[in-house]
Amino acid sequence: MITVKETLEVSAEAFFEQILTSAAYDIQSATGKELTKQQLHKGYQYIKKMKSKTGSKGDVNVEITALDAPRLYAAEFTCATGKNMISYSIESLEKEKITVTYTEDFSGKSTSQNLNYKVIGALYKRGARKKMARMLHNIESYLRQASPTEPQLADKEE
């Protein structure tokens with residue numbers, strides 16, 4: 001299991017909205033259906049085509065397993081080899097400050113797949129944590145640029 005906990009300088013609502021925007025975009029890319037963020041709910045499922053690192057293609061069933069705005073989003077990605085679970089748990093610290101705990105885990109369909117995941121996971125865990133921390137901070141940067149909290153120079157009266 002990979003767990004990353006980061007403090008970000010954005011509101012819980014803005015961060016959660018971005019997660020839902022990304023989920024809606026993924027659904028549209030996979031299915032062609034345009035959904036509003038309000039149409040997403042716990043239990044929503046769709047199928048997307050994905051390529052493995054070895055180049056083989058397959059269907060992945062995606063299910064939103066938790067959606068509690070603006071605190072929790074979780075999803076499961078089920079394929080032929082097993083189930084990958086992700087979650088974002090968001091805790092408000094202040095108006096524009098949150099702690100996000102991202103968790104990712106895998107459950108294989110066989111004992112050998114679980115063992116393989118544990119061995120490979122141990123080798124790549126540090127890099128995966130860094131990548132996820134970077135992704136969370138990239139979301140933070142994007143949100144801060146999209147709606148700056150400080151007035152711009154052009155907005156100031158002289």
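How many helices and strands does the protein chain have? The protein chain has 2 helices and 6 strands, where helices (H or I, at least four residues) and strands (E, at least two) are DSSP runs numbered from the N terminus. The model is a predicted one, in which local features need pLDDT of at least 70 and side-chain atom pairs count only at pLDDT 80 or more, while totals for chains, interfaces and linings use all residues. Residues are numbered from 1 along each chain as its sequence is written, and side-chain values use heavy atoms, with hydrogens and water left out.

Read from the N terminus, the elements follow the order β-α-β-β-β-β-β-α. The protein chain has 158 residues, of which 30% count as buried. Here buried means under 20% relative accessible area, exposed means over 50%, and partly exposed lies in between (1.4 Å probe, protein chains only).

The strand pairings come next. Two strands pair if DSSP finds at least two bridges between them. Strand β4 (residues 72–79) and strand β5 (residues 82–94) run antiparallel and are joined by 8 bridges.

A hairpin through 2 residues connects β5 to β6. Along this pairing, Ser89 has Thr101 in β6 as its bridge partner, and Lys83 stands opposite Ser107 in β6. Met85, in strand β5, is 19 residues from Glu104 in sequence, yet their C-alpha atoms are 5.5 Å apart in space. Met85 counts as partly exposed, because its relative accessibility is 23%. Strand β6 is in turn joined to β1 by 7 bridges, again antiparallel. In that pairing, Thr3 stands opposite Thr103 in β6. In a regular strand the side chains alternate between the two faces of the sheet.

The bond from Ala69 to Pro70 is cis, with omega near -10 degrees. Pro70 sits in the loop between β3 (57–68) and β4.

Charged side chains can be followed through their salt bridges. A salt bridge is a side-chain nitrogen of Lys or Arg within 4 Å of a carboxyl oxygen of Asp or Glu. Searching the whole structure gives 5 salt bridges. One of them is between Glu17 and Lys37, whose closest N and O atoms are 2.9 Å apart. Glu17 lies in helix α1 (residues 12–31) and Lys37 in the loop between α1 and β2 (45–51), so this pair ties together parts that are 20 residues apart in sequence. Both ends are partly exposed: Glu17 has a relative accessible area of 35%, and Lys37 has a relative accessibility of 29%.

Asp68 forms a salt bridge with Arg71, and here the closest N and O atoms are 3.2 Å apart. Asp68 is partly exposed at 34% relative accessible area, and Arg71 is partly exposed at 46%. Lys83 forms a salt bridge with Glu76, with 3.6 Å between the closest N and O atoms. Lys83 counts as partly exposed, at 29% relative accessibility.

Which residues form the positive surface patch that includes Lys130? It is formed by Arg126, Lys130, Lys131 and Arg134. Patches are made of residues with over 30% relative accessible area and no salt bridge, with like charges joined within 9 Å and nonpolar side chains (Val, Leu, Ile, Met, Phe, Trp, Tyr) within 5 Å. Lys and Arg count as positive and Asp and Glu as negative, while His and the chain ends are not counted. The place of a charge is taken as NZ of Lys, CZ of Arg, CG of Asp or CD of Glu. Accessible areas come from the Shrake-Rupley method with a 1.4 Å probe, and for residues only the protein chains shown count as cover. Lys130 is in helix α2 (residues 111–146) and is partly exposed, with a relative accessible area of 48%.

A negative surface patch is made up of Glu9, Glu13, Glu94 and Glu96. Glu9 is located in the loop between β1 (2–8) and α1. At 35% relative accessibility, Glu9 is partly exposed.
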